[in-house]
Amino acid sequence: MRRRIISLTVLAALVATVLFALPLGVAVMQYYRDDTTSDLERAADAAALAVAHELNAGLPPVVPPLEGDEAEGAVGVYAPDGRLLAGQGPAVGGSIERQAAKATEDVVTGRQDGEVVLAVPVVNGTRTIGVVRAALPVSDLYLRVGLTWLAMAALAVVAIGASWLMARRATSRLVRPLEELAAAAERLGDGDFTARAPRAGIAEIDQVGEALDATATRIGETLERERAFSAEASHQLRTPLTGLRLQLEAALETPESDPYAAIRAGIASADRLERTIEDLLALGRERRAPRAELALDVLLDEVRQAGDALLAPHGRKLRIVRDDPPPARAAAAAVRQVLGVLLDNAVTHGRGTVTVLARDAGDALAIDVADEGPDLGETDPFASAPSGHGIGLRLARSLAEAEGGRLRLSLPAPPTFTLLLPASSPP
């Protein structure tokens, strides 16, 4: 790409230089021709004025020395019959001198014997008394034109060289950010979502870099959310699996008990597991289900079933209390998962009876989940512990916030977690 841009730039400069130099070269040639003719005419006129008196008196003419630009020329004075009387020139005048002697024209110009010749008649009344001839070698004219053309060619070479240097600099400035952009895109393709494209100061390239950075950020955030969701979802599935395992183990340890009751309990746990999977899949999608009136009684009954399955094998009890709870609008799947996390946390880290209290908290529905476990003190239960126990609580808090609510540790002793959901406006 670098070579192509430089080649195109130099070619464009070369074409422009040639198109400009051709008419300029012709103009230079014409200019020097006109300038030479003007110099010869001035020299001839000056000599004609100087020798007119001698020719009219029949005296030998004396050609004055030439000065300035005319000094390079040769001036001669001829008789009407073509003889050289004074000055420089051939002994016998040629066709140009004879034409001037006829006085048909004021100035006669042309080329003769390798010279640019100009002749003017010297007249007295109606009679031609002489001819003044001024000449300059054609080689001198060509030398002046050639030197000018050579200078023009040198300037053209300098211009093309400057174009080449500027093209190299501009190409480096243009190609380097593109190469860095390609490297950033390659790193992004290899899975490095921290790759960022440097800014080049070129609006179009920077716009592409900003778009690539935004894409990398979005992909990285999406992947991070997917990884976090996978970890949290796998943690969340442990609660119904644990309940099902405990029920089956209890049935095996008491073979004299009714097996059909264990099977029915296992089927109920499998149903809760299936509902949990469906809830997690629904909550993992970007488009969530619209919030509806929360069926609190149904939800608490499901919590009772899940809590009994988890606590009974450990000899612990679940107590559910309704203290005039207000209606609320929220996604049942999200609330179910939050309460499932709190219940699992109480089973795993708590002690004694687990109490679930649904109450009125002013403009909110409050659901407290408490147990008789040890004082949490200054511990942050929402932080990820090395064992990963905080993963579920962080998921529960994010689900509560997504529904416009809050989840917090309201009391460290006894450990009490409170879910707050905005109450529905009264009809």
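A contact here means heavy atoms within 4.5 Å. The model is predicted, with a mean pLDDT of 81 over the protein chain and 86% of its residues at 70 or more.

**Stop 1: Arg 316**

Select Arg 316, in the loop between H7 and strand E7 (318-323). Leaving aside residues up to four places away in sequence, Arg 316 touches Leu 311, Ala 346, Val 347, Gly 350, Arg 351, Gly 352, Val 354 and Asp 371. Draw a distance to one of these, Val 354: the C-alpha atoms of Arg 316 and Val 354 are 7.9 Å apart, while 38 residues separate them in sequence. Arg 316 counts as buried because its relative accessibility is 14%, and the cut-off for buried is under 20%.

**Stop 2: helix H7**

Step back to helix H7, residues 296-311. Now colour the buried residues of H7: Leu 296, Leu 299, Leu 300, Glu 302, Val 303, Ala 306, Gly 307, Ala 309, Leu 310 and Leu 311. When reading such a list, recall that an α-helix has 3.6 residues a turn, so residues three or four places apart point the same way.

**Stop 3: Glu 293 and Arg 329**

Next select Glu 293 and Arg 329, whose side chains meet in a salt bridge at 4.0 Å, N to O. Glu 293 belongs to strand E6 (residues 292-293) and Arg 329 to strand E8 (residues 329-330), so the pair links distant parts of the chain, 36 residues apart. Glu 293 is partly exposed at 44% relative accessibility, and Arg 329 is partly exposed at 43%.

**Stop 4: Arg 133 and its partners**

A search of the whole structure finds 10 salt bridges. Which residues share partners in one network? Glu 97, Glu 115 and Arg 133 do.

Select Arg 133 and Glu 97, where the closest N and O atoms of the salt bridge are 2.5 Å apart. Arg 133 is in strand E5 (residues 127-137) and Glu 97 in helix H2 (residues 95-101), so this pair ties together parts 36 residues apart in sequence. Both Arg 133 and Glu 97 are buried, with Arg 133 at 3% relative accessibility.

Glu 115 is in strand E4 (residues 115-124), so its pairing with Arg 133 in strand E5 ties together parts 18 residues apart in sequence. Glu 115 is partly exposed, with a relative accessible area of 21%.

**Stop 5: Thr 416**

Move to Thr 416 in strand E12 (residues 416-422). Thr 416 is buried, with a relative accessible area of 8%. Show its contacts beyond four places in sequence: Asp 368, Val 369, Ala 370, Arg 408, Leu 409, Ser 410 and Leu 411.

**Stop 6**

Select Leu 8, Leu 11, Leu 14, Val 15, Val 18, Leu 19 and Leu 22 and show the surface. These residues form a nonpolar patch with about 660 Å² of accessible area together. Leu 22 lies in helix H1 (residues 2-57). Is Leu 22 buried or exposed? Leu 22 is exposed, at 56% relative accessible area.

**Stop 7: residues 385-390**

Finish at residues 385-390, where pLDDT stays under 50. The model has eight contacts for this stretch beyond four places in sequence.

How values were computed:
Residues are numbered from 1 along each chain as its sequence is written. This is a predicted model: local features need pLDDT of at least 70, side-chain atom pairs count only at pLDDT 80 or more; totals for chains, interfaces and linings use all residues. Side-chain values use heavy atoms; hydrogens and water are left out. Patches are made of residues with over 30% relative accessible area and no salt bridge: like charges are joined within 9 Å, nonpolar side chains (Val, Leu, Ile, Met, Phe, Trp, Tyr) within 5 Å. Accessible areas come from the Shrake-Rupley method with a 1.4 Å probe; for residues, only the protein chains shown count as cover. Helices (H or I, at least four residues) and strands (E, at least two) are DSSP runs, numbered from the N terminus. Buried means under 20% relative accessible area, exposed over 50%, partly exposed in between (1.4 Å probe, protein chains only). pLDDT is the predictor's confidence in each residue, from 0 to 100. The expected span of a helix is 1.5 Å times one less than its number of residues.
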